[in-house]
Amino acid sequence: MASKRNMMRQYELVERVRRYNPHADEELLDRAYVYAMRAHGAQMRASGDPFFSHPLEVAAILTDLKLDDATIVAAVLHDTIEDTDSTREEIDRVFGPDIGRLVEGLTKLKRLDLVSKRAVQAENFRKLLLAIAADVRVLLVKLADRLHNMRTLHFMPPEKQQRIAEETLDIYAPLAGRMGMQTMRDELEELAFRHLMPQAAVTIKTRLDELREKNGKIIASVEQELRDELSARGIEASVEGRQKLPYSIWRKMERKSIAFEQLSDIFGFRVCVNKVEDCYRVIGVVHTKWPSVPGRFKDYISTPKENDYRSIHTTVVGPGRQRVELQVRTHDMNDVARYGIAAHALYKDGRVADREALSRESRAYQWLQRTIDLLAEGDSPEEFLEHTKLELFPDQVFCFTPKGVLIALPRGATPIDFAYAVHTDVGNSAVGAKINGRIAPLGSQLENGDEVEIVRAEGQVPPAVWEKLVVTGKARAAIRRATRDAVKMQYINLGRQIVTRAFERAAKPYAEDKLKAALPRLARAGVEDVLAAVGRGEIYSGDVVKAVYPDFSEDRKPGAQPPRPEGEDGWFGLPKAESLVFKFPGRGEQDALPIHGLSGDLPVRFAPNGGAVPGDRIVAILTPGKEITIYPIQSPDLTAFDDQPERWLDVRWDLEAGQKRFFPARILVTAINEPGTLGTIATVIGDMGANIDTIAINIISPDFREMIIDIEIADLKHLNGVVTELRTKPVVSKVERVNG
Ligand code: MN
């Protein structure tokens, strides 16, 4: 078989390693070769090659990165635990626990009890990241594994090709980029691009070839001119002209919505020198010789990218008015730019697993650590994958605090992301932002170099809609947590009132420590969980009484089911024809109302039956010697004052931009009487960033309940949003605003 002849031999593997590491452990490499060959036995690849050719190719890719023996051995063994009878214990015994750990980190989780393919993918990704955090060599083997699979992807069935190429473009290529491994990233992207968009890939490739044909001479002459110029000034440098790759061109066309013809920097030159100061000398020479294009000078040497990339970029107008992009860096920087974390000197002196040194010296590794920390914040694996995917893209904006601290954020980040990047507390208490000294919406996109000042106010909950305004995983996780906590608090308060009432009805004493003893019977971890579950309608309050007093029996027909959807006792055991009012802890009294046109020192309040919110046209009614009341113009209560024109005051809202305050409004919700209805309604209101003040429930029929809900809301638009959102819920039959 031809392919068998091409498979790497045992001595070839050793030779490849010996070429860069004369002290390589030949015996260990041989042992791995023989072990993996036997383990994989007669297994075949989709290509018809023996399976064993795959781990060997993966190892070969890693010898190009000049990696240590353990990594090469792990590459040879990487599919043994997953695909053969080998076990971690056996690998440990034969190769030692260090290599055993590496191989296990590369083994996918099996038999995951998860519903969707996506959940499985997310869980495996999470496991991979944890293994990488423990030892970065896991990532290097994983990427080499993916690279070889991508190189041989055409042997796979088409739908598998599609899925693997997508995953590569979504996760592995950006991950390689994030770790600074540009060469790896480029090849992964190009291969995936060819599989996902074959037509586009071919078209761009053809046009690039045409251009090269046309401009080849110019490139050679610019190269020569640069070399001469630099050597005349005694700067030792290597100069290399290069053409952008099809996928990076396609991405640029897509991002900027431009045509191929409009791309200005398809050609670039890379100048590598020996010392950092030479980089700046090269820039001096280039800028003296050719005019530079404004706004294109970037110094990633003084401010490295988050993936440790360092280089100086500039664009000049070269010969023939051609725009020429230049990257200037030292040879060491060039190694890091191409091989990223794999180029890290630490690999070369055998201290690979020294996490402390890595986290000190590599920003890419620091990012990895922060990402792992997010894992601990309790998101589901899918959410986590989503966050990580967003953060993988290396496009960055660099912003500053008023004190000049640099905050690096992904492109598209907003002041909310900025606030959370500074500190979770800053994010949670943000109410406004100043960008370069001017008040700006919290949803504005930040630009490079922006100075951002966050305006804060204590005691607020970040609105759930912020989640749509942020791009960083940290902000999203924190917002989700804060709103989740706030919503849970509301359920707990609601549940506590319902439970207290149920105990009163049962004439049994209630105390939370009694409930604590009954937790196992309710299958909940804590008292607050029980209260929240009652508030959400997941547990019937009568069952809580029974859990605490097992011999208590409700006065009900024998054998009757818990009375949930029944008319008789409907919600939370409410007797017929009764009303129930829940009062929630409010935000407290507002200080001076932001209303223009008031004078004197009479107390001012909002219309008691319905309130008024910014966006409403308002009038004030004076009760001499007593108070001033603000009504929305549509309030039917105003008819009472029709014949007393002297009591009407002309007022209007007086709100500062960016200021966020809450105002009372009342809504009437008619909903189906079933468990969970109140929870659904409270969730919508909470998720929309509004606050429930009071809920009064009236029983209007066995199947329907009418709720008068007093809420606190930012303005009319906010209120309309809540009303619309409530109307989308199947349990809600009618929602309207009430005006006194
Ligand atoms: Mn593999």
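Because the model is predicted, local features were taken only at pLDDT of at least 70 and side-chain atom pairs only at pLDDT 80 or more, while totals for chains, interfaces and linings use all residues. Residues are numbered from 1 along each chain as its sequence is written, and side-chain values rest on heavy atoms, with hydrogens and water left out.

The protein chain contains 28 helices and 21 strands, assigned as DSSP runs numbered from the N terminus (helices: H or I, at least four residues; strands: E, at least two). Of its 740 residues, 51% are buried; here buried denotes under 20% relative accessible area, exposed over 50%, and partly exposed the range in between, computed with a 1.4 Å probe on protein chains only. Among contacts (heavy atoms within 4.5 Å) with a separation of 6 or more, 66% join residues 24 or more positions apart.

His54 belongs to helix α4 (residues 53-64), whereas His78 sits in the loop between α5 (69-77) and α6 (80-83), so the pair ties together parts 24 residues apart in sequence. His54 and His78 are both buried.

The largest nonpolar core comprises 106 residues, of which Leu62, Leu77, Phe95, Ile99, Met181 and Phe260 touch the most other members. A nonpolar core is defined as a set of buried Ala, Val, Leu, Ile, Met, Phe, Trp, Tyr and Cys residues joined through side-chain atoms within 4.5 Å. Since domain 1 (10-198) and domain 2 (200-342) both contribute residues to this core, it lies between them; the domain bounds come from an automatic or database domain assignment. With residues up to four places away in sequence not counted, Leu77 touches Ala32, Tyr35, Ala36, Ile91, Phe95, Ile99 and Val103. Another core, of 63 residues, lies apart from the largest one and has Ala532, Ala612, Ala665 and Ala671 among its members.

Pockets and cavities were located on a 1 Å grid over the protein atoms alone: a cavity is a set of points where a 1.4 Å probe fits but cannot get out, a pocket is an open set with protein on both sides within 12 Å along at least five of seven lines, and lining residues have an atom within 4 Å of a point. Grid points are joined across faces, edges and corners, and a volume is the space filled by probe spheres set on the points. The second largest pocket holds about 1,100 Å³ of space. It is lined by 37 residues, those closest to its centre being Lys108, Arg146, Arg163, Ile164 and Glu167. Two or more lining residues of this pocket come from each of α6, α9 (117-134), α10 (137-151) and α11 (158-178).

Helix α10 also contains Lys142, which counts as buried at 9% relative accessibility. Beyond its neighbours within four places in sequence, Lys142 is in contact with Leu106, Leu128 and Tyr172. In helix α11 lies Ile171, buried with a relative accessible area of 2%. The C-alpha atoms of Ile171 and Phe125 are separated by 9.0 Å, the two residues being 46 apart along the chain.

The structure has 5 cavities of 30 Å³ or more. The second largest cavity contains about 60 Å³ of space and is lined by Asn215, Ile218, Ile219, Val222, Phe267, Phe269, Gln322, Arg323 and Val324. Elements giving two or more residues to this lining are α13 (198-232), β2 (267-273) and β5 (323-330), with the largest share, 4 residues, coming from α13.

Helix α26 (residues 541-548) is mostly covered, with 6 of its 8 residues buried, namely Ser541, Gly542, Val544, Val545, Ala547 and Val548. Their cover includes α22 (473-506), α23 (512-517), α24 (519-522) and α25 (527-536).

Asn436, in the loop between β8 (430-435) and β9 (438-440), has a positive phi of about 50° although it is not a glycine, and counts as partly exposed at 47% relative accessibility. Ala507, in the loop between α22 and α23, is likewise not a glycine and has a positive phi of about 55°; at 66% relative accessibility, Ala507 counts as exposed.
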